Structures are given as C-alpha cells and as structure tokens.
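User: I'm new to reading protein models and I'd like to go through this one with you. Can we take it question by question?

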Amino acid sequence: MKTAIYPGTFDPVTNGHLDIIKRASGLFDEIIVAVASDSQKETLFSIKERVAMLEEATKDIEGVTVKGFKGLTVEFARQYGVNAVIRGLRVSGDFEFELQLALMNKKLAPDIETIFLMTKSDYSYISSSAIRWAASLEGKISEFVPPHVEKALLEKYHQS
Ligand code: COA
C-alpha cells in the first residue's frame, strides 16, 4: 500500500489543489490531505472549516482522506508511516520557498521524500489569497473553487 501526504494550509482549498490531489491519487493507493494549523499564516477559515471544505471537495476521489494536524509535517507523515510528501509547483516563484521547505524537511527526516507535481496551467495563476481577495470584493470566483467553497467565502465576507 503506497501512501503519500499532501500538506497545506488550504485557506481555502482551490481547484488547483484539487487537480493536484486527483493526479496524486492516480500515483498512490492513498493520499492523506494534511491540513496544517501551524503554517505561519493567519487564516480566514478555522482548521475545522478547512478540513470540512476539503472533505466535501474530495468525497468522490477514491483513496483520499483529510486530516488536520499540529506540529511538523514530517512528524505527521511518520505517525502514519508515510515517506512521500506531495507539493504542487505553479510558477518559478514557488520554487525558492518549496526548495527551502523540502530541504528543511529532508534535514529533519532524511527518510521522507518530497515529490513535486506541476500545477495544471489553467490554475498556475490562482492562489488561495487571490481568491479570498477577489471574494472580499465580490469578484466572480466560481471557476476557481468548488461551489461549497464559493458559498463559504461569500458567507464569510458578505454575511449581513
Ligand atoms: N493550485 C493553486 N494554488 C496553489 C497550488 C495549486 N496547485 N499549489 C499551491 N497553491 C497556492 C495556494 O493557493 C496558496 O496560496 P496563498 O499563498 O495565497 O495562501 C499557496 O500556494 C500555498 O499554500 P498551500 O498550498 O495551502 O500550502 P502552504 O504553502 O501554506 O503549506 C505547509 C505550508 C503547511 C506545508 C508548511 O507550512 C508546513 O509544513 N507546516 C507545518 C510545520 C512544518 O513542518 N514546517 C516546516 C519545517 S520547519
């Protein structure tokens, strides 16, 4: 049984993340989407909300489970006996941060490998923060996130 974790903040999950999850699920028997509460980002959605949105978004993808975690990603991977970490790369700007993260993780846990998947070109320019920004200004975001995420964003920003 080959399992990988896909860690992130997912504030909120986007169609770009979902594309990575679907493609990774074709390479591994099981993907554990690991939702970080310690990602050094101030989040709009609570960990509970981010996990729930991902569960709904991935419910029809076989072999995918979603779990929240605290602490180091590599410790979470070890806890589940996993030695592969998936990350998506969008544009060259992602590389510096991702390389640093992968090397830090390698130092902390030499037995764990980071595997990069290139983001589908349709989603290479989107990010969770750009989507939050557009939603806050009532921009159209339906092509970037699943409908339940769009609804949750609109409720956060425009609940009367
Ligand atoms: N499609 C669309 N957007 C994508 C994407 C894709 N395929 N891949 C990444 N992104 C975007 C996200 O939308 C997000 O945008 P934002 O910066 O505007 O929020 C950004 O790229 C990355 O966010 P996300 O994918 O949610 O992951 P992250 O970079 O926030 O995750 C952790 C970081 C959780 C992996 C990292 O902080 C971590 O491992 N934390 C735990 C503690 C730890 O182990 N630290 C490292 C060792 S000290």
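User: Which residues of H2 meet His148, Val149, Ala152 and Lys156 in H6?
Analyst: Keep in mind that this is a predicted model. Helix H2 covers residues 47–58, and helix H6 covers residues 147–158. On the H6 side of the contact sit His148, Val149, Ala152 and Lys156. Their partners in H2 are Glu49, Met53, Glu56 and Ala57.

User: How many nonpolar, polar and charged residues does the contact of H2 with H6 have?
Analyst: Sort the residues on both sides by class, with Met, Val and Ala going to the nonpolar group. Glu and Lys go to the charged group. For the contact of H2 with H6 that gives four nonpolar, one polar and three charged residues.

User: Are H2 and H6 roughly parallel or roughly antiparallel to each other?
Analyst: Look at the angle: the axes of H2 and H6 cross at roughly 155° and come within 10 Å. Angles over 145 degrees count as roughly antiparallel. So H2 and H6 are roughly antiparallel.

User: Is the crossing of H5 and H6 left-handed or right-handed, and which residues of H6 take part in the contact?
Analyst: The crossing of H5 and H6 is right-handed. From H5, the contact uses Ile131, Arg132, Ala135 and Ser136. By class, the residues on both sides come to four nonpolar, two polar and one charged. The H6 residues are Leu153, Tyr157 and His158.

User: Where does Thr14 sit, is it buried or exposed, and what does it touch?
Analyst: Thr14 is in the loop between strand S1 (3–8) and H1. Its relative accessibility is 3%, so Thr14 counts as buried. Leaving out residues up to four places away in sequence, Thr14 touches Ile126, Ser127, Ser128, Ile131, Phe144 and Val145.

User: What kind of peptide bond joins Asp11 and Pro12?
Analyst: Pro12 is also in the loop between S1 and H1. Most peptide bonds are trans. Here, though, omega is about 0°, and the bond joining Asp11 and Pro12 is cis.

User: Which kind of aromatic pair do Tyr6 and Phe10 form?
Analyst: A pair of aromatic rings is described by the distance of the centres and the angle of the planes. Tyr6 and Phe10, which are both buried, have ring centres 5.4 Å apart and planes at 70°. Planes over 60 degrees apart count as edge-to-face. The pair of Tyr6 and Phe10 is edge-to-face.

User: Which residues does the ring cluster with Phe76 link?
Analyst: Phe69 and Phe76 form a tilted pair, 4.9 Å centre to centre with 35° between the planes. Phe69 counts as buried because its relative accessibility is 7%, and Phe76 counts as buried at 4%. Ring pairs join up into a cluster of Phe69, Phe76 and Tyr80.

User: How many Å apart in space are Ala77 and Glu150?
Analyst: Ala77 is in helix H3 (residues 73–79), and it is buried because its relative accessible area is 0%. Beyond its neighbours within four places in sequence, Ala77 is in contact with Ile5, Val82 and Ile112. Ala77 and Glu150 are 73 residues apart in sequence, and C-alpha to C-alpha they are 30 Å apart.

Key: Residues numbered from 1 in each chain as written. Predicted model: local features only at pLDDT ≥ 70, side-chain atom pairs only at ≥ 80, totals over all residues. Heavy atoms only, no water. Axes fitted to C-alpha atoms, helices over the stretch in contact; angles between N-to-C directions. Helix = DSSP H or I, 4+ residues; strand = E, 2+ residues; numbered from the N terminus. Left-handed = near helix turned anticlockwise from the far one by under 90°. Contact = heavy atoms within 4.5 Å. Phe/Tyr/Trp six-rings, centres within 6.5 Å; stacked < 30°, edge-to-face > 60°. Buried < 20%, exposed > 50% of the residue type's maximum accessible area, 1.4 Å probe, protein only. Parallel < 35°, antiparallel > 145°, perpendicular 65-115°, else oblique.
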